[in-house]
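Hi,

Here's the structure I promised to pass on. Have a look at it first, and then read my notes below.

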Amino acid sequence: YPLDMRARQKTFPEIQIAPGVQVPVDAYTLMVLDDLRKPVHPSRLPIPTQFMDPARGIVTLRSSWRDDATFVVFDGSQRPSAAQGHAHASGGHFSLSALGEYFAIDTGRYSIEQEHHNVVIVDGKSGHVGDGRWRNSFHHAVLTGYEPGPFVDTAAVDSSQMSNCYWAKRTLGLVKPVGAPGMPAYVWTVEDVNYANDYREFWWLLNAHPDSTIKLCRDHATIKGAYHGNLLDVHFILPDPADYPKPHVLTLTQNVQLAGSPLEYGGNQRHHAREYRRLGGDLEWGPVYQRPRLVAKVRGYNGRFMTIMAPHRKDAPPARVTRLPAMDNVLAVRIVYGDVEDVLIWAYEHNLLEAADVKARGQWCLVRRSMRTGRILASAVAQGSLLSVGGKTPV
């Protein structure tokens, strides 16, 4: 693998055809050269902010076409039979950018196994452990849901086979600033992992940009971005302690993660990282040999919990995130940005969505209100309906 950037340019040459427009020197560029010479910003075109590839099972979601938008890539890691292509153990992996920061990264070519992706692993181990070499991960995952919407976009992945579990499912949602201009869009995930009907430790992983820093608090962590110093708060919402014989327990840690496939490409990986950066390598997009990693260890009889990833600018107050009491098999949370309150409720089996003064029926619901007037600014319900808010039936 060429560390020398000059060698990379010889292998993959590019030219600049207009200010801010750089393209590969190949025949494919010639086919669209006229369009590329006069680029048009996507916001001026009827291009949706969501995309889904049904064969590959990959989804992209963005809150807008602005430079400071929240942008998520969510990976189903499917294996099309015609051309397998990408073969990482990345089912359920997400990459996240917001406010001009690259917070949760894709770690690149040499990181094959689950432990190198932003997923949940059991007892600190990948579902299928390799031999330290660069190889395909043949166990696949499946994109099981994709529901774009004006307020909330969601997608779901089943990575049970890849995780070597009885089941391993993740749903991700992007919440947009509908009714609250200027509010950052945030992201939530809901996990549902059962390794073998027993008590385990479920590791929720986030690989951060190499130049980011991670600060740990009691029940949340804060990632400081590498470019502008803007922040991402990651909150964890666990089940009610009374729901199980032993309550779920959260422990937050961080470490420095190195690349995978050490026998194939490793050597002294810390040296490679220093050398790559010295030669001008962009660790954001190239092979990320070394980066900080947030690890949230949730011990419990299953891996059922929620995360809220709420960005905010360095000169703005963070969102206030509070777990809400709810019935069995329900996770509920209140998210407050300034004078805007969101109540998010998720039901695992019974579709009974009741927490605070919100009542609905469905898989999940989200209600946004003005704390000053109490007026409903936006709402969304998956596979159901909103029954009442504050004792009143919504119009």
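A quick definition before anything else: contact means heavy atoms within 4.5 Å. By that rule, among contacts in the protein chain between residues at least 6 apart in sequence, 58% join residues at least 24 apart.

Bear in mind that this is a predicted model, where local features need pLDDT of at least 70, side-chain atom pairs count only at pLDDT 80 or more, and totals for chains, interfaces and linings use all residues. Residues are numbered from 1 along each chain as its sequence is written, and side-chain values use heavy atoms, with hydrogens and water left out.

On overall shape, the C-alpha trace of the protein chain spans about 65 × 50 × 45 Å along its principal axes. Buried residues (under 20% relative accessible area, with exposed over 50% and partly exposed in between, using a 1.4 Å probe and protein chains only) make up 52% of the 395.

As for secondary structure, the protein chain has 6 helices and 27 strands; these are DSSP runs numbered from the N terminus, with at least four residues of H or I for a helix and at least two of E for a strand.

Inside it, S21 (residues 330-337) and S22 (residues 340-347) are joined by 8 bridges, and Ala332 has Ile345 in S22 as its bridge partner.

Now the cores. A nonpolar core is a set of buried Ala, Val, Leu, Ile, Met, Phe, Trp, Tyr and Cys residues joined through side-chain atoms within 4.5 Å. The largest has 42 residues, and those touching the most other members are Phe94, Leu96, Trp204, Leu206, Ile223, Val234 and Met309. Not counting residues up to four places away in sequence, Met309 touches, among others, Tyr186, Val187, Thr189 and Asp233. A second, separate core of 28 residues includes Leu331, Tyr337, Val340 and Leu344.

Last, a loop residue: Ser137 sits between strand S8 (120-122) and strand S9 (142-147). Is Ser137 buried or exposed? Ser137 counts as buried because its relative accessibility is 9%. Leaving aside neighbours within four places in sequence, Ser137 is in contact with Arg79, Ala87, His88, Ala89 and Ile112.

Cheers

Key. Pairing = 2+ DSSP bridges.
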